[in-house]
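Could you walk me through this structure, stop by stop? I have it open in a viewer and would like to know what to select next.

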Amino acid sequence: MNSDAIEISGSGFRYPAFVGRGLIARAGELARNATDRNRCMIIADQNSARYFGDRVSESFSSTKFSSQLITIPAGEKSKSLTQVEKICDAMIRAGFDRSSFVVGLGGGVIGDISGFVAAIFQRGIPHIQIPTTLLAMVDSAIGGKTGVNLQAGKNLLGVIHHPALTICDVDALESLPPQEWRQGYAEIIKHAIIRDAKMFHDLSSPQVPNHRSGDALVDLIRRNIAIKARIVSVDDRETSGERALLNFGHTVGHGIERATDFRIPHGDCVSIGMVAACAISMKRAALSADERDQIVALLKKFELPTQLPTEVDREKIIDAIAHDKKFLAGKIRFVVTPKIGEGHVSSDVTMHDIRAAIKEL
Ligand SMILES: NC(=O)c1ccc[n+]([C@@H]2O[C@H](COP(=O)([O-])OP(=O)(O)OC[C@H]3O[C@@H](n4cnc5c(N)ncnc54)[C@H](O)[C@@H]3O)[C@@H](O)[C@H]2O)c1
Ligand SMILES: [Zn+2]
């Protein structure tokens with residue numbers, strides 16, 4: 001495997017993730033090494049198509065692929081069965097078959113829906129991920145989770161379908177709005193808390209600016225992909241509990257998302273959720289007050305919220321959590337951190353602890 005690539009492997013899957021600069025221009029060449037197929041549908045949203053559609057298409061045609069680009073509206077609403085049907089109909093009309101493949105070009109919405117299309121189109125064809133948001137690079141383009149939303153909730157339909165290749169061109173992030181950077185940093189800080197004390201202290205250092213670029217950004221993304229890859233390699237289907245660690249801050253975070261009808265972005269909800277998880281970790285996992293304060297300070301440094309807006313109904317959050325899918329046989333599986341750099345799933349956390357932590361937010 002090329003030295004620029006991080007290998008992501010586990011039982012039944014093995015693929016490279018390339019992270020670097022100028023990789024969109026090399027997408028066709030990298031895809032050539034990953035597949036012997038010749039025809040692909042590139043799925044993008046309006047923004048990723050506008051910024052990168054031409055360049056990706058040119059790179060594919062210069063390496064003798066026959067490619068077509070399909071664009072869907074930007075935003076979470078597009079992660080729907082209606083859009084899946086539209087994309088699949090367009091593929092059938094254009095003569096795509098089992099010997100073709102799908103490329104997802106965009107943020108996590110596009111990664112999830114394009115992966116789902118790849119997983120089900122004629123019972124499954126390969127998928128290549130070209131993530132263009134920080135969140136997609138460090139989180140959603142790694143690990144094979146694909147899917148769409150239902151009226152009843154987010155990500156309720158889905159399949160694990162690992163990509164054949166992930167290409168992260170950090171130059172693509174130049175056009176990313178500040179709010180989207182924050183969403184990625186929330187997941188990066190989560191990775192640091194559960195698995196990487198050194199990265200936590202590097203990010204916290206006053207010498208480190210909160211907006212990285214160039215090689216420092218390449219290194220940061222590689223480091224985060226490696227963390228997620230190590231977790232997914234042992235537990236891609238979330239059976240042993242290892243992958244559940246990635247839910248740190250997410251139990252309360254998802255509750256806030258649902259209670260506010262998804263008006264607050266995911267990363268912001270997870271940030272507030274991590275503050276609640278710290279309060280619970282102090283009680284149930286002996287996290288020190290000093291380390292809790294360091295976590296809150298790091299979230300603030302990256303302009304992430306650490307308190308709930310006063311108008312949000314606390315009881316609604318508690319109700320939403322009570323219905324959360326992470327309750328296994330009536331028991332709460334809550335991810336706690338005993339110290340920065342370590343996380344584990346605890347079954348000692350009670351609904352009372354969660355309620356108390358939410359009241360303090
Ligand atoms: N599969 C997984 O394991 C996993 C993990 C985490 C999140 N997710 C999913 O990811 C989704 C969120 O992903 P997201 O935060 O990337 O959101 P997104 O895909 O909606 O992208 C955010 C916005 O940025 C725009 N955009 C994308 N690339 C850009 C660029 N380079 N420059 C300017 N604008 C750009 C998009 O058009 C969109 O408006 C959610 O649906 C979530 O459920 C999946
Ligand atoms: Zn998340």
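## Stop one: α10 and α11

Start by selecting Ser271, Met274, Val275, Cys278 and Met282 in α10, which meet Ala289, Arg292, Ile295, Val296 and Leu299 in α11. By class, this contact of α10 with α11 has eight nonpolar, one polar and one charged residues. Keep in mind as you go that this is a predicted model.

The axes of α10 and helix α11 (residues 289-301) come within 10 Å of each other and cross at roughly 175°. Angles over 145 degrees count as roughly antiparallel, and α10 and α11 are therefore roughly antiparallel to each other.

## Stop two: the zinc ion

Next, select ligand 2, the zinc ion. Which residues coordinate the zinc ion (ligand 2)? They are Glu187 through OE, His250 through NE2 and His266 through NE2, at 1.9 to 2.1 Å. Along the chain, the donors of the zinc ion follow the spacing E-x62-H-x15-H. The two histidines link distant parts of the chain: His250 belongs to helix α9 (residues 250-259) and His266 to helix α10 (residues 266-284), 16 residues apart.

Is His250 buried or exposed? His250 has a relative accessible area of 6%, so it is buried. His266 has 21% and is partly exposed.

## Stop three: α6 and α8

Select helix α6 (residues 178-195) together with helix α8 (residues 214-234): they pack at an angle of about 55°, and their axes are 11 Å apart. That angle makes α6 oblique to α8. The crossing of this pair, α6 and α8, is left-handed.

To see the side chains involved, display Trp181, Tyr185, Ile188, His191, Ile194 and Arg195 in α6; they meet Leu217, Leu220, Asn224, Ile227, Lys228 and Ile231 in α8. Sorted by class, the contact of α6 with α8 has eight nonpolar, two polar and two charged residues.

## Stop four: α3 and α4

Move on to helix α3 (residues 81-93) and helix α4 (residues 108-120), whose axes come within 10 Å and cross at roughly 55°. This makes α3 oblique to α4. Here α3 passes α4 in a right-handed crossing.

Which residues of α3 and α4 meet? On the α3 side, select Leu81, Gln83, Val84, Ile87, Cys88 and Met91; on the α4 side, Ile113, Phe116, Val117 and Ile120. This contact of α3 with α4 has nine nonpolar, one polar and no charged residues.

## Stop five: Ala17

Now find strand β2 (residues 13-20) and pick out Ala17 in it. With a relative accessible area of 0%, Ala17 is buried. Leaving aside its neighbours within four places in sequence, Ala17 is in contact with Asp4, Ala5, Ile6, Ile8, Ile142, Thr166 and Ile225.

## Last stop: two loops

Finish with a pair of backbone details. Lys64 lies in the loop between α2 (46-62) and β4 (66-72). Its phi is near 65°, a positive value in a residue other than glycine, and Lys64 is exposed, with a relative accessible area of 67%.

Then jump to Arg123, found in the loop between α4 and β6 (127-131). Phi of Arg123 is near 70°, a positive value in a residue other than glycine. At 78% relative accessibility, Arg123 counts as exposed.

Notes:
Residues are numbered from 1 along each chain as its sequence is written. Chains are lettered from A and ligands numbered from 1 in the order in which they are written. This is a predicted model: local features need pLDDT of at least 70, side-chain atom pairs count only at pLDDT 80 or more; totals for chains, interfaces and linings use all residues. Side-chain values use heavy atoms; hydrogens and water are left out. Axes are lines fitted to C-alpha atoms, for helices over the stretch in contact, and angles run from 0 to 180 degrees between N-to-C directions. Helices (H or I, at least four residues) and strands (E, at least two) are DSSP runs, numbered from the N terminus. Angles under 35 degrees count as roughly parallel, over 145 as roughly antiparallel, 65 to 115 as roughly perpendicular and the rest as oblique. A crossing is left-handed if the near helix is turned anticlockwise from the far one by less than a right angle, and right-handed if clockwise. Contact means heavy atoms within 4.5 Å. Ala, Val, Leu, Ile, Met, Phe, Trp, Tyr, Cys and Pro count as nonpolar, Asp, Glu, Lys and Arg as charged, and the others, Gly among them, as polar. Donors are N, O and S atoms within 2.8 Å of the metal (3.2 Å for Na, K and Ca); water is not among the atoms, so sites may look incomplete. Buried means under 20% relative accessible area, exposed over 50%, partly exposed in between (1.4 Å probe, protein chains only).
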